[in-house]
Amino acid sequence: MFKILRVDMTSQKAVFEDIPEKYQGLGGRGLTSAIVAAEVDPTCNALGPLNKLVLSPGLLAATNCANSGRISVGGKSPLTGTIKEANSGGQAGQYLGRLGIQAIVVEGQPAAGKLFKLVIGKDKAELLPADELKGLGNYDTVAKLREAYGDKPGYCSIGQAGEWKLAAASVAFTDKELRPTRHAGRGGLGALMGSKGLKAIIIDPTGGELAPLKDPEAFKAAAKRFAKALTDHPVTSGGLPTYGTDVLINIINEAGALPTRNFSAGRFEGAEKVSGETLNEITVKRGGNPTHGCMAGCIIRCSGIYLGPDKAYVSKWPEYETVWAWGPNCGIDDLDAIARIDRMCDDFGLDTIETGAAMAVAMEGGLLAFGDARGAEKVLREVGAGTPLGRVLGSGTAVVGKVFGVKRVPVVKNQALPAYDPRSVKGMGVTYATSTMGADHTAGYATGTNIMKVGGYVDPLKTDGQVELSRNLQVATAAVDTAGLCLFVAFPVLDIPDALVAIVDMLNAKYGLSLTTDDVSALGQKVLNIERDFNIRAGFNPGDDRLPDFFRREPLPPHNTVFDLSDGELDQTLLF
Amino acid sequence: MRKKVQGHNQGEMTLNLSEGARVSEAILALGLDFDTVRVIMKNGRAIHSDEVLQAGDRLGLFPRELAYNTITAISFFNPLARKTEDQS
């Protein structure tokens with residue numbers, strides 16, 4: 001029987017309870033959003049006692065389904081003020097699934113300055129003081145915890161940024177090598193965790209087991225078909241394992257959509273130097289690992305291990321978004337510097353997109369020159385040191401824009417735009433503007449079975465079909481996030497229709513349901529409606545579903561286009 | 001895909017074709033085929049048919065393995081590959 005673990009930080013009590021009827025049939029993002037929408041006052045202060053931090057593995061967690069170990073983290077975002085779900089790989093999703101925990105809900109607030117760790121095992125959970133971890137980065141935090149709790153658990157933690165409640169703070173999760181390199185990055189949920197006085201969660205799966213299945217034989221057969229789709233497909237079996245997500249740099253650059261120097265151009269002259277091809281080449285030359293899975297059960301293995309020129313470990317492979325934010329967007333073409341920056345962000349516990357975009361805005365504001373990699377590293381180090389400038393950078397792009405008086409600040413609902421310029425990939429622009437999460441690229445990233453019926457070709461430089469494309473992708477992504485699957489299963493699902501059927505078959509076999517692929521769409525819509533309703537009650541209205549005006553006025557080279565979908569068109573996106 | 005092609009420098013090269021040559025000819029001249037080349041951009045834009053090339057045009061060709069961003073894959077899908085699939 002799956003349970004919810006309720007953790008009251010005011011009384012420091014942790015209690016298991018049955019899952020109420022209204023939360024059944026949900027997991028991952030579906031569950032975090034349902035709980036936050038039902039239990040959190042949408043107008044509350046995000047760092048106050050009324051907000052809640054919710055963690056939930058997906059509907060297929062702790063099964064042999066490939067790539068099913070993602071974990072969702074939710075709450076009211078200290079960065080955007082909207083409902084927020086941030087998603088991560090690592091071990092926690094599977095381990096919570098094995099312990100039969102469908103959600104952890106952290107509520108209340110301890111006295112100021114008190115710091116705790118939550119220790120979870122089979123049928124037990126307790127809060128203990130964590131003064132020994134105060135002020136430590138994620139790497140040192142995990143090292144200290146391993147001394148006490150060993151190598152069996154998965155570790156979830158915040159670094160200095162979360163402790164200091166900076167709005168760009170992330171929640172870190174350890175990977176298979178017990179490094180805190182996987183992050184629920186977007187939206188400042190690390191600050192929410194810090195406001196609860198929670199420094200770390202130790203999840204020991206010992207004594208746990210795979211989730212019970214209503215029909216084990218049917219599950220096994222469906223899981224096999226699903227795995228085959230992933231290993232058959234060239235993206236998930238060839239491109240991603242070899243070049244990582246960074247493989248996108250050359251493609252997006254060619255398309256003229258790679259935001260360069262704070263979104264002032266769509267192509268970067270140094271793109272090749274920071275591309276996935278170069279990342280692979282350097283890694284192989286230095287003896288690193290180009291094919292690395294961030295969570296057990298992953299058969300894509302898009303991550304990698306980055307070694308420095310001295311062949312010592314620096315970080316896991318920086319992702320496309322990280323490389324873009326601190327690379328082309330800052331005019332930087334030095335992959336070694338970017339890898340060191342990635343490690344610092346993992347350590348201090350920061351969203352690399354938010355801080356990279358913030359750094360670019362600071363450069364435009366005159367703090368540093370574009371391209372000054374050493375200077376950027378120095379400023380980032382200040383975040384970990386807690387200096388005033390560090391706190392400014394750690395508070396995100398909009399705050400930096402205000403502090404430096406910059407007029408071109410690329411945010412929606414206060415969250416920084418990611419690595420696709422909306423003027424040359426207009427469908428992304430629609431997603432940025434309308435997503436319930438603020439400017440978010442993963443919100444509209446996956447696909448549903450009807451995607452190929454979207455009016456034939458969708459030209460990224462034209463407005464036709466963009467709203468429908470964004471809508472379908474946002475719906476499908478919400479469903480994938482609820483199942484707890486890695487988003488990259490979406491591409492095989494696009495090409496191999498049986499892959500989606502296999503996912504539905506697995507859900508049916510696990511829970512004894514009779515879902516069809518249409519239900520996937522319905523599930524996604526349900527989650528989005530829950531989220532939209534929260535945002536409306538929080539005070540958001542259609543006027544917030546807009547891009548900053550410079551995207552409408554400034555043509556982006558090389559195509560010299562602007563974002564020109566009308567407000568009316570944007571408002572159609574999430575109407576089902 | 002770079003390994004299949006001769007004479008390029010980090011994936012960039014110049015191709016000499018005759019007047020009126022189309023995108024399909026460029027792909028074949030490089031020793032590639034329409035199944036390998038999954039994403040095509042001409043001057044950074046999508047093509048919807050086997051367009052005629054002009055002098056100075058810039059062609060971006062990417063294999064199936066790299067086309068993982070869904071919006072990119074849909075927007076820049078090689079129409080020649082799709083035609084092949086439709087015919088089968």
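**Notebook: strands, helices and domains of chain A**

I count two strands as paired if DSSP finds at least two bridges between them. Helices (H or I, at least four residues) and strands (E, at least two) are DSSP runs, numbered from the N terminus. The model is predicted: local features need pLDDT of at least 70 and side-chain atom pairs count only at pLDDT 80 or more, while totals for chains, interfaces and linings use all residues. Residues are numbered from 1 along each chain as its sequence is written, and chains are lettered from A and ligands numbered from 1 in the order in which they are written.

**Entry: strand 1**

I then looked up strand 6 (residues 101–107) of chain A, with which strand 1 (residues 3–8) of chain A pairs in the parallel sense over six bridges. Leu5(A) stands opposite Ile104(A) of strand 6 of chain A.

**Entry: confidence**

I noted a mean pLDDT of 92 for chain A, with 97% of its residues at 70 or more. Over residues 446–456 of chain A the pLDDT is below 50, and this stretch has 29 contacts in the model beyond near neighbours in sequence. pLDDT is the predictor's confidence in each residue, from 0 to 100; a contact is a pair of residues whose C-beta atoms, placed from the backbone, lie within 7 Å.

**Entry: domains**

Chain A is divided into domain 1 (3–203), domain 2 (245–415) and domain 3 (421–571), with bounds from an automatic or database domain assignment. I read 26 Å between the centres of domain 1 and domain 3 of chain A, taken over C-alpha atoms. Their contact takes 34 residues from domain 1 of chain A and 26 residues from domain 3 of chain A. On the side of domain 1 of chain A that touches domain 3 of chain A, the largest share, seven residues, comes from helix 1 of chain A. The residues of that side divide into 11 nonpolar, 18 polar and five charged. Ala, Val, Leu, Ile, Met, Phe, Trp, Tyr, Cys and Pro count as nonpolar, Asp, Glu, Lys and Arg as charged, and the others, Gly among them, as polar.

**Entry: helices 1 and 17**

I found that the axes of helix 1 (residues 28–39) and helix 17 (residues 466–483) of chain A come within 4 Å and cross at roughly 95°. Helix 1 of chain A is therefore roughly perpendicular to helix 17 of chain A (65 to 115 degrees; under 35 is roughly parallel, over 145 roughly antiparallel and the rest oblique). Axes are lines fitted to C-alpha atoms, for helices over the stretch in contact, and angles run from 0 to 180 degrees between N-to-C directions. Gly28(A), Arg29(A) and Gly30(A) of helix 1 of chain A meet Ala478(A), Asp481(A), Thr482(A) and Ala483(A) of helix 17 of chain A.

**Entry: sheet 13-14-15**

Three strands of chain A form an open antiparallel sheet in the order 13-14-15. Strand 13 (289–292) and strand 15 (313–316) of chain A stand at the edges with a single partner strand each, so one side of each is left without a neighbour in the sheet.

**Entry: backbone**

The peptide bond from Pro557(A) to Pro558(A) is cis, with omega near 10°.

Terms used
Two residues are in contact if their C-beta atoms, placed from the backbone, lie within 7 Å.
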